[in-house]
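Thanks for coming, everyone. Let me put the structure up on the screen, and then I'll walk you through a few spots in it.

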Amino acid sequence: TQTTMDKYLKIEKLGEGTYGIVYKAQNKQTGEIVALKRIRLDNDDEGIPCTAIREISLLRDLHHPNIVRLLDILHSEKKLTLVFEYLETDLKKWLDGRDGPADADDILLIKSFTKQLLEGVAHCHKHMILHRDLKPQNLLLHVRKGELKIADFGLARSFGAPVRAYSHEVVTLWYRSPDVLLGSTHYSTSIDMWSVGCIMGEMLLNRPLFPGANVSNQLVKIQKQLGSINPDSFPGVTGFEQWRDPEQKTILFPQNHPPVNWSKLFPQLDPAGIDLISKLLKYDPDARISAEAALEHDFFKK
């Protein structure tokens, strides 16, 4: 295969992502602007696991308007570079540039972004691919066209969900579902749906919905909104390893949080919007709405 240097001219470093360093670059032959993602491989001596290559090759066939296209894969013994289409900004930067919670005028745009996010997620789930790390930084925007595209789809599966980001930034827990926080390893599509709910809420509030400092604090923040975690509110929770302390004596959660109505938090949402976010943010993963069903929701009818 061609090396990166032969084919692409680096323009600037865009940042350090979850899996490695990202550069803006140009295809020397076509002039096309692309994003190069240099994947760091922790087990340096072994080169690239062939399973990772196989899985990433699957992503090349995921053609969807709301998923960032993987254009090319370049690999040598030690290095893997993924070449993606380039978009000018991401949802986190876009939110940082806004002031205060969304008003009635913003609802249409938020509705459009949420729907595009669901379209991309539904497409991947149909192909049995999970994202596992959905967050505003991974949602790229073409602001003028009002387009949203999901980046890094399926990378968590190929490389394992990372424990920390490239630099000292710890990978955020804010979008992680309660079942995963409690130690569930039976991932299914429902973990991405919880993240979609958190992202929808963040677009409305203009701040993260559940900005926990660590796992237990994350669970406390969630319970202050959804009510205490117990076998009634969260069927099956007693099966998770973190449910009781190691001596199996005490339940780890205070049982005094009543659920708070979502309409208190989101006065700008109509009843359909409240219904959708409450169906995305359910404790029980089996009760969470699917991407497919969410796209049919009344919230998107008007």
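Let's start with Gly120. Skipping its neighbours within four places in sequence, Gly120 is in contact with His64, Asn66, Ile67, Ile150 and Phe153, where contact means heavy atoms within 4.5 Å. Gly120 sits in helix α4; helices here are DSSP runs of H or I with at least four residues, strands are runs of E with at least two, and both are numbered from the N terminus. Gly120 has a relative accessible area of 0%, so it counts as buried. Buried means under 20% relative accessible area, exposed means over 50%, and partly exposed is in between, with a 1.4 Å probe and protein chains only. There's also a C-alpha separation of 9.8 Å between Gly120 and His63, which are 57 residues apart along the chain.

Before I go on, a quick word on the model. It is predicted, so local features need pLDDT of at least 70 and side-chain atom pairs count only at pLDDT 80 or more, while totals for chains, interfaces and linings use all residues. Residues are numbered from 1 along each chain as its sequence is written, and side-chain values use heavy atoms, with hydrogens and water left out.

Now, empty space. Rolling a probe the size of a water molecule over the atoms shows where empty space is left. Volumes are the space filled by probe spheres set on the points, with grid points joined across faces, edges and corners.

The largest cavity comes out at about 70 Å³. Its lining includes Ile67, Ile150 and Phe153, and those names also turned up among the contacts of Gly120. Also in the lining are Leu59, Leu62, Phe84 and Asp152, among others. By class, that lining has 10 nonpolar residues, one charged and no polar. For the classes, Ala, Val, Leu, Ile, Met, Phe, Trp, Tyr, Cys and Pro are nonpolar, Asp, Glu, Lys and Arg are charged, and the others, Gly among them, are polar.

On to the largest pocket, with about 630 Å³ of space. It has 26 lining residues, and nearest its centre are Val22, Asp90, Lys93, Gln137 and Leu140. At least two lining residues each come from β1 (8-16), β3 (33-39), β5 (80-85), β6 (89-90) and α3 (91-96). β1 gives the most, three residues. The class count for this lining is 10 nonpolar, six polar and 10 charged.

What about the cores? A nonpolar core is a set of buried Ala, Val, Leu, Ile, Met, Phe, Trp, Tyr and Cys residues joined through side-chain atoms within 4.5 Å. The largest one has 78 residues, and Leu82, Leu91, Leu117, Trp262 and Phe266 touch the most other members. Helix α7 (residues 190-205) supplies the largest share of this core, nine residues. A second, separate core has eight residues, including Tyr23, Val34, Leu36 and Val83.

Arg132 isn't a glycine, yet its phi is positive, near 70 degrees. Arg132 is in the loop between α4 (107-126) and β7 (139-142), and its 24% relative accessible area is why we call it partly exposed. Asn206 isn't a glycine either, and has a positive phi of about 65 degrees. Asn206 lies in the loop between α7 and α8 (215-226), and at 18% relative accessibility it counts as buried.

One more residue: His142, found in strand β7. Is His142 buried or exposed? With a relative accessible area of 17%, His142 is buried. Not counting residues up to four places away in sequence, His142 touches Leu87, Glu88 and Glu147.

Last, the cysteines. A disulfide is a pair of cysteine sulfur atoms within 2.5 Å, and a search of the whole structure finds zero of them. Cys124 is buried, at 0% relative accessibility, and Cys198 is buried too, at 1%.

How values were computed:
On a 1 Å grid over the protein atoms alone, a cavity is a set of points where a 1.4 Å probe fits but cannot get out, and a pocket is an open set with protein on both sides within 12 Å along at least five of seven lines; lining residues have an atom within 4 Å of a point.
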